[in-house]
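Me: I would like to learn how to read a model like this one, feature by feature. Where do we begin?
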Amino acid sequence: MSARLANHTPGRKIFSSRLAALVVWTITIIWTVPTLGLLVTSFKTDKDILGQPWWSSLLHPHFTLENYAKVFLGNDTQSLNSGVLPYFINSIVITLPATIFPIVIATMAAYALAWIRFRGSEFLFFSIFALQVVPLQMSLVPLLLLFTGGAHIGSVTIFPALGIAGDFAGIWLPHTMFALPLAIYLLHNFIASLPRDLMEAAHVDGANHFKVFRMIVLPLAIPGIAALSIFQFLWVWNDLLIALTFASGTEEVAPINSKLASLVGQYGSGYTQLSAGAFITIAVPLIVFFSLQRYFVRGLLAGSVKS
Amino acid sequence: MSDFITTTIPKFTSVFSAIFVFFAVLAILFAIAGRVNGKKARPIALTLFLGPALILLLAGLIIPAVRTIAFSFMNPDSNGWVGLANYTWMLHDPNVKVIMINTTLWIIVVPLFTAALALLLAVMLDRIKHESIPKSLLFMPMAISFVGASIIFKFVYEYRREGEVQIGLLSAIVEFFGSTPQNWMLSKPLNTFLLMIIYIWTQMGFGMVILSAAIKAVPADIVEASALDGAGGWRLFRNITFPMVKSTFIVVLATGVVGALKVFDIVRTMTGGNFGTNVLANEMYSQVFVQFNQGKGSALAVVLFLLVTPILVYNIRTLRKERTIS
Amino acid sequence: MKSFVWYSPKQFKENGYTVPKTWDEMTALADKMAGNDQIAFCGGLGSGGATGWPGTDWVEQMVLREYGSKVYADWVSHKVKFSDPKIKAAMQKVADWMQNPKWVGDVKAIATTSFQDAGAGIPEGKCMMLQQASFYGNILADNGATISPTGDAFAFYLPATNDNVTVPVVGGGEFTAAFSSRREVKAVQAYLASATFATSRVQLDNWLSANSGVPLSAYKNPVDKLAATYLANPKSTFAFDASDLMPAAVGAGAEWVEFTAWFGEGKSIADVTKAIDAAWPAD
């Protein structure tokens, strides 16, 4: 906009862009300093953390990697399981399927809603869209009961007890379920906007829905799928509620974010290891975010801005 | 070392086998169903494409939501009916009153402040060089979990008793300006607003990015025409830019309300819901998973749902309008 | 084992303090510390979603010390209410101790300090004593303190407040629960309750047993050994952690919330006890 306005009102442009730069950069600094503080703190020695603020440590640098070693590997030199490392692995183990499953299932559903004509398709689409705002809290308890006890009407079992509570599958499944409404909605927007001629031409050539889906829709929807995958990845990695509810907090299945929450909570060891633990936890999403930001933004825009 | 390997390898085998089985089953079903021709082809394709999603939505969201409504009329163990007791409890309990006031504050202050700041930044960003650097830095907290964000802000809000070195940024700033730092998490009602800042810090970037895109989508000729007419900064914004991005602004507001209603990680990590900072979603978690009262917890979840219903209705109406236009 | 006070033997030696054996000796020592501009007691209730639990420990210590097992048991079963004058008096005793600004400095800060950080200053003498359970040694050791009777940190027994209750001890613990009465299950249970199991488990460290058949030499860790002498003492008046026995709505709910408000917001004992009694489940 500034370039366009420049021809007509050069004076105002210079003024407003300087003011704008000042405002933007001031807020950016305010926004970034807290994270910087955590980063610096995480390299300080135990005693330093409580004895000296992090900004004065910048003037008298005395940094160490000890916190990271301690948090990652734990105190027991015999076992690698005493630190956060197993939880870090759990996070990867949870996040991969919990990202792949809902995206695949949602892409299929979005295709059906957009390109297979059937009665009630409109109603179904609205219902799924509406489910987006149903708070997770509404489903937690019954879903947990479903996993442990199944569902019965009288003595008839309509849903078997899956026995997967406290198992990785018991975390993948809720993540998949809860991700579907938003994923279907966003992918539907994306897939429905593919050119109609292309689809019709393929059908005329004798391709069935499965072929169209594989040969045309999937390749063309890749940008949307990629964007949504990043979004879902961040969501799952950063989730606490599902992790607390469905992964009992043990090193067998609990993700690092819930471990981090417990470091602050009842069984933790206070501030000293918290900063390094927090930075390990946020490092992965930050790397994903900065390297794939372009696609991520595109995904958000696909669902929120109508042009 | 060896125990780590013996516990880690099975984890990865389970991941890769799960993913493999998932795709193998899909491939086989696709191959078989792809051979069906004629009248049955469409219903089979429909079932296969839509079936998995519908079953998961039914089992994961719809049936549980209905059961939660039922549980809200039952006792703590969900094996006997108690009528409206869990709802009347909410009306009479003084702690719930605080929770309701706080939740209301959250859903008013957070979305308005987030959206306003996001809009301001989106407009300003449009007028500066190298906008991508501040944009990514402002957007970055979005990638950080609420727990991580809370820990970051624990180091900002940290308070040491008077006379000791203040290691918290906020306390140090207050001290620098010659005032006495307080025990921030105890100062009612300031503490609730300090918690809101954490949420705004993580979510503002989202609003900023989509508003910024919306501003860039405003047609150049309209802007130019009104600039020729002599419209200056504020008038240009009020008469041209804002009306054009209004619908996006409302999307940001609505997302903010839904998000603020569900917030629980921040309150749990920062204060545990103490000192008058408790909110609905955190109390719901405590009731069900700490105090084992499914009745009260479910009733709180139902209230949460009722509070988002207006947004639900609004969203559906907008979507319908959009669909009839396009 | 929860009836411990953590202190720094090194700091005590430097200042010429001795470990108190009675309640009066402890308060006299605290006054002396206050006179030397030292903070006698540190405390922290902060524990994320479980904030407040250390406060329940303090009240439990006092109820048991003042009135013994019978009242303690009646309190757990709500025959004696929180608003009972006895419980209120015990809480007042806690207030005189842990809410005494002369001894603890900033009372309200106790509510926002995490229990882990509360004792972090003990080795350096930033505060001198902290009432916490035996496991607290692990936290101090994590921060680099040596735990021994002459080291950076160690524990002494929280003295009785009067002679009517002998060696009062509050503790938490594990239960063995059987979901079947098959013979092999019972055999396992019997084994788990035996001195043989207890001894071998104790030797793995970080575990305490009240089983009198466990030799003290089995304990590697000096704090656990000290704790075990109190647990195995036949004269001990032992009480299980009350908040763990009360209904969750109280023991993991109202009690945490209200005790936190008691410290952090200066809520009165009358209001705190009234609110907890109101939260007690009806049936």
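**Reading the chains and their interface**

Reply: From the N terminus on, chain B runs α-α-α-α-α-α-α-α-α-α-α-α-α. Keep in mind that this is a predicted model.

Me: How many helices and strands does chain B have?

Reply: Chain B has 13 helices and zero strands. Chain A has 14 helices and two strands.

Me: How do I read burial? What share of the residues of chain B counts as buried?

Reply: A residue counts as buried under 20% relative accessible area. In chain B, 56% of the 326 residues count as buried. In chain A, buried residues make up 59% of the 307 residues.

Me: Next, contacts along the sequence. In chain B, what share of contacts between residues at least 6 apart joins residues at least 24 apart?

Reply: Take the contacts in chain B between residues at least 6 apart in sequence: 64% of them join residues at least 24 apart. For chain A, with contacts between residues at least 6 apart, the share that joins residues at least 24 apart is 66%.

Me: Now the interface. What is the general way to give its size?

Reply: Interface size is often given as the accessible area lost when the parts come together. Here, chain B and chain A bury about 10900 Å² between them. Of this area, 80% is on carbon and sulfur atoms.

Me: How many residues are in contact on each side?

Reply: 118 residues of chain B are in contact with 121 residues of chain A.

Me: What links are found across the interface: how many salt bridges, and how many residue pairs in polar contact?

Reply: Between chain B and chain A the count is zero salt bridges. The polar contacts come to nine residue pairs, both residues at pLDDT 80 or more.

Me: Which helix gives the most to the side of chain B that touches chain A?

Reply: Helix H2 of chain B, residues 41–71. H2 gives 21 residues to that side. By residue class, the side of chain B that touches chain A divides into 85 nonpolar, 18 polar and 15 charged residues.

Me: Now the backbone. Where is there a cis peptide bond in chain B?

Reply: Look at the bond from Lys188(B) to Pro189(B). This peptide bond is cis, with omega near -10°. Pro189(B) sits in the loop between helix H7 (169–176) and helix H8 (190–216) of chain B.

Me: Which residue of chain B has a positive phi although it is not a glycine?

Reply: Ser78(B), with phi of about 55°. Ser78(B) belongs to the loop between H2 and helix H3 (85–92) of chain B.

Me: Why does Ser78(B) count as buried?

Reply: Ser78(B) counts as buried because its relative accessibility is 15%, and the cut-off is under 20%.

Me: Which residue of chain C has a positive phi although it is not a glycine?

Reply: Val167(C), with phi of about 40°. Val167(C) lies in the loop between strand E3 (154–157) and strand E4 (168–171) of chain C. At 21% relative accessibility, Val167(C) counts as partly exposed.

Note on methods. Residues are numbered from 1 along each chain as its sequence is written. Chains are lettered from A and ligands numbered from 1 in the order in which they are written. This is a predicted model: local features need pLDDT of at least 70, side-chain atom pairs count only at pLDDT 80 or more; totals for chains, interfaces and linings use all residues. Side-chain values use heavy atoms; hydrogens and water are left out. Contact means heavy atoms within 4.5 Å. Buried area is the accessible area (1.4 Å probe) that two parts lose on being put together, summed over both. A salt bridge is a side-chain nitrogen of Lys or Arg within 4 Å of a carboxyl oxygen of Asp or Glu. A polar contact is a pair of N or O atoms within 3.5 Å; within protein, one must be able to donate a hydrogen and the other to accept it, and residues adjacent in sequence count only if both atoms are side-chain atoms. Helices (H or I, at least four residues) and strands (E, at least two) are DSSP runs, numbered from the N terminus. Ala, Val, Leu, Ile, Met, Phe, Trp, Tyr, Cys and Pro count as nonpolar, Asp, Glu, Lys and Arg as charged, and the others, Gly among them, as polar. Buried means under 20% relative accessible area, exposed over 50%, partly exposed in between (1.4 Å probe, protein chains only).
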